[in-house]
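Work through the exercises below with the sequence and the 3D view side by side. Try each task before reading its solution.

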Amino acid sequence: MRRISLLGVVLAAAVGVGFLFFTERPLTVTVVQPVHDVTLRIYGLGTVEARILSRVGFEVGAALTRLSADAGDSVTKGQELAVLHSTEQEARVARARAAVAANEANLAKAGAAVVRARAVLAEREAANRRQQGLVQRDVASAQRAEETQRDEDVARADLAVAEADVAVIQAQGADAAAALRQEEALLAHHRLVAPFDAQVVTRHAEAGTVVKAGDPIFTLIDPATIWIQAYVDEERAGQLAIGQPGTIRLRSQPSAEFHGSIARIGIESDRVNEERRVWLTCSDCPAEMFLGEQAEVRITTGNRDSALMVPEVAITGFDGHRGMVWTVQDGRLARVGLTFGARDDRGRVEVTGGLPEGATIVAGPPKGAAEGRRARTSEAP
């Protein structure tokens, strides 16, 4: 019994010693050291896009008779791209021109009638003046004078009618000319031309296809407006500003790094992904770019001569501004609340305040950590 009791005491002592060893022995933790010449960058993932992209088509519907461009072609402003079957519309234009010619003939005829009416009026006026003079000298009868006056009035009315006919025909001429311009404009709509110097991305139809008004025939882009559309997490987007420089890596050229700057920041964030869109122009990208190609961007938002950068994994309860970290103070672990500022693309956050004097920040959550436990420190690589 004494041996059993002694063995129990020995085992209890061994357990106690082991417990003290594993719970009270100093932990070896890695601590964060200040770094110098820090470049703050924000990471974004996006695609190659074109600012000016148009899906062009006809304003009228008919059968395609000719296409003069294909995907990959470069076209200039005003260059013919496609033509629709236009026989019916050409007939309408010819009919409208004939109407204009007929109106011009009617106008000439009405003008001649006005000249004739004026001549008759002048003759009647002269005859009336003679008769009125004879009546005053009692050479002619009053009845004859009344007849000549009536003849003058009739001639003046005939002239007014002739001039009104001219005005009516002129109005009809304006209507006929407008109708001709309309038919000519519709005829012009049967020919599709490039609206700007462009590159053909896609040809959507082939000759013989009957298309409706508004159907896209070609997709065009302005090659000079190629840029990168990237998505940035809203938590980091507050540091973005127009003109900030960035580096671009294309998926097809992972070993090459290109340079650009922010040209536009979207005023509306994606409500589902909680990301903000930014567009970067590229100063040295390849001459040949492919729309939709994946691209990675890293935007430089600032620089620090010296900063204390803490990995986000070491922060608990982080709300974007404040959080808790483990620190080593006087050789023992302690939990401290800090304030944070800018982030970089390596998952680190800048410490802006709250660190006690002489304390160092643990670079990662230590296993078995407890308030007041002794700790040995080593610098983070």
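Helices (H or I, at least four residues) and strands (E, at least two) are DSSP runs, numbered from the N terminus. The model is predicted, so local features need pLDDT of at least 70 and side-chain atom pairs count only at pLDDT 80 or more, while totals for chains, interfaces and linings use all residues. Residues are numbered from 1 along each chain as its sequence is written, and side-chain values use heavy atoms, with hydrogens and water left out.

**Exercise 1.** Describe the link of cysteine 282 and cysteine 285.

Solution. Step 1: the two cysteines form a disulfide, with sulfur atoms 1.8 Å apart; the term stands for a pair of cysteine sulfur atoms within 2.5 Å. Step 2: the structure holds 1 disulfide. Step 3: the angle about the S-S bond is 90°, and the link is right-handed. Step 4: cysteine 282 is partly exposed at 24%, whereas cysteine 285 is buried at 19%.

**Exercise 2.** Is arginine 343 buried or exposed, and which residue does it pair with in a salt bridge?

Solution. Step 1: a salt bridge is a side-chain nitrogen of Lys or Arg within 4 Å of a carboxyl oxygen of Asp or Glu. Step 2: arginine 343 pairs with glutamate 235, and the closest N and O atoms are 3.2 Å apart. Step 4: arginine 343 is buried at 4%, while glutamate 235 is exposed at 54%.

**Exercise 3.** How many salt bridges does the structure hold, and how far apart in the chain are aspartate 70 and arginine 203?

Solution. Step 1: the structure holds 20 salt bridges. Step 2: one of them joins the side chains of aspartate 70 and arginine 203, at 3.9 Å from N to O. Step 3: aspartate 70 is in the loop between strand 4 (62-67) and strand 5 (74-75), arginine 203 is in strand 8 (residues 198-203), and the two are 133 residues apart. Step 4: aspartate 70 is partly exposed at 36%, and arginine 203 is partly exposed at 23%.

**Exercise 4.** Which residues other than glycine have a positive phi, among them aspartate 37?

Solution. Step 1: aspartate 37 has phi near 50° and sits in strand 2 (residues 35-50). Step 2: aspartate 37 is exposed at 61%. Step 3: glutamate 274 has phi near 55° and sits in the loop between strand 13 (253-265) and strand 14 (275-282). Step 4: glutamate 274 is partly exposed at 49%.

Terms used: Buried means under 20% relative accessible area, exposed over 50%, partly exposed in between (1.4 Å probe, protein chains only).
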